[in-house]
Amino acid sequence: MQGDRARGPTAGAGRLRLARLALVLLGWVSAWSPAAPASVPEASPPPSASPPPSASAPPSVPAAASPSPRAARCPPPCECSEAARTVKCVNRNLTEVPAELPAYVRTLFLTGNRLEELPAGAFARRPPLAELAALNLSASRLHTVRAGAFQPLPGLRQLDLSHNPLSDLSPLAFAGADAGARDPAPLEELILSHVAPPADARHNRSLERMLGAALRAGRALRGLRRLELAGNRLLHLPRDLGALLPGLRHLDLRNNSLVSLGAGALRNLSLLESLHLEDNALKVLHNATLAELRGLARLTLFLDDNPWVCDCHMVDMVAWLQETEAVRGKARLRCAFPEKMRDRRLLELDSADLDCDPILPPSLQTSYVFLGIVLALIGAIFLLVLYLNRKGIKKWVHNIRDACRDHMEGYHYRYEVSADPRLTNLSSNSDV
């Protein structure tokens with residue numbers, strides 16, 4: 001019994017080793033079984049088959065895919081997506097446009113950088129960026145855009161320069177070498193919101209002048225369909241805007257300082273579909289402007305948050321508001337002045353409510369009251385000075401009166417001598 005017990009563990013260990021060896025042999029055989037047919041000589045091909053390749057010929061390897069001509073290196077600080085054809089260089093503190101941009105780019109974001117200036121040919125590349133359609137340069141601290149900065153970009157459709165303090169915008173910034181071209185440039189959307197420079201950096205060049213010069217420089221912007229000029233403290237629009245942009249459909253002028261649109265501001269804008277005039281200083285729309293608005297059949301107009309003055313000059317505008325459907329949210333329009341009409345809805349007014357009483361705004365009334373107090377104080381001080389110097393003033397008045405009396409007596413005596421011949425002779429003899 002003890003011998004059997006001694007042999008039991010040894011026999012079990014032996015069987016375990018044999019099982020492991022069998023598994024190793026089985027794995028080795030299964031691994032080499034696919035390669036076994038390779039050692040068997042192949043049968044000779046039939047006469048019609050093509051001869052096998054010579055033994056010296058290298059095995060056929062699939063050719064490596066050649067790089068696409070559209071592929072290019074992505075700039076290190078940027079993120080690129082060839083599938084979306086997009087390059088994003090956002091908040092990278094770039095001081096210039098990256099020198100290497102992939103030719104496939106269709107949308108380019110260069111926002112939140114420190115570009116400061118765009119020189120001529122800032123986007124000129126080889127091969128050219130022919131497919132670039134949307135360019136976003138917002139909030140990149142741009143203050144100067146030179147002539148030809150966006151040349152050559154033949155496919156550019158949308159350009160965003162918003163939130164840049166533009167103090168020097170060249171009239172040929174959008175035109176460049178194509179200023180004399182017969183056909184308009186393909187640019188359709190131009191966003192220039194919040195680009196008015198600080199007052200100390202304007203150099204006598206207001207945004208109205210720079211924009212007007214750019215619109216008149218060739219035909220580079222003649223194909224615009226959308227123009228956004230919000231938040232620029234504009235006082236008036238460029239002259240002949242309709243003649244310069246006949247295809248304009250969307251015009252955004254919200255958050256400016258427009259007091260009126262001016263006669264002919266909307267002339268020739270027959271395709272205009274939306275006009276944003278919210279948050280301006282409009283007090284009334286005059287008859288000339290109302291006539292132009294009536295001629296725009298597709299127009300949707302936004303007039304919220306303007307200080308409307310509800311007096312006799314508002315009669316025609318109220319009548320137009322009551323009959324038109326072009327004004328979006330017209331029920332929200334309310335009077336700001338005069339005080340008795342404050343917060344009244346324009347649609348609820350009639351001609352009896354609209355008069356022209358000479359009632360000043362409260363701020364102006366306060367100014368006049370303050371001016372009156374100042375003048376009264378000055379007058380009181382003047383009277384006090386006169387009272388304190390009353391004796392000297394009285395003596396000065398007496399001296400002047402005596403001097404005038406002596407002068408008048410002498411003049412009267414000479415007049416009497418000249419009028420009486422006897423006194424004349426007597427005066428002559430006495431002189432002799």
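Predicted model: local features only at pLDDT ≥ 70, side-chain atom pairs only at ≥ 80, totals over all residues.
**Count and pairing.** I went looking for bonded cysteines and came away with four disulfides. Numbering the bonded cysteines in sequence order, I get the pairing 1-3, 2-4, 5-7, 6-8.

**Cys78 and Cys89.** I found these two joined, S to S 1.9 Å. The link is right-handed, with 105 degrees about the S-S bond. I traced Cys78 to the loop between helix H1 (2-32) and strand S1 (79-81), and Cys89 to the loop between strand S2 (86-88) and strand S3 (107-109). They sit 11 residues apart. I checked accessibility too, and both Cys78 and Cys89 are buried.

**Cys310 and Cys335.** Here the S to S distance is 1.8 Å. Cys310 is in the loop between strand S14 (308-309) and helix H5 (315-323), while Cys335 belongs to strand S16 (residues 335-337), 25 residues apart. I read a torsion of about -95 degrees, so I noted this disulfide as left-handed. Cys310 counts as buried because its relative accessibility is 1%, and Cys335 is buried too, at 3%.

**Cys312 and Cys356.** I got 1.5 Å between the sulfur atoms of this disulfide. Cys312 lies in the loop between S14 and H5 and Cys356 in the loop between S16 and helix H6 (362-388), so the bond ties together parts 44 residues apart in sequence. The torsion is about -80 degrees, so this disulfide is left-handed. Buried or partly exposed, I wondered about Cys312? At 32% relative accessibility, Cys312 is partly exposed. Cys356 is partly exposed as well, with a relative accessible area of 40%.

**Cys404.** I looked this one up for accessibility: at 44% relative accessible area, Cys404 is partly exposed.

Key:
Residues numbered from 1 in each chain as written. Heavy atoms only, no water. Disulfide = S-S within 2.5 Å. Helix = DSSP H or I, 4+ residues; strand = E, 2+ residues; numbered from the N terminus. Buried < 20%, exposed > 50% of the residue type's maximum accessible area, 1.4 Å probe, protein only.
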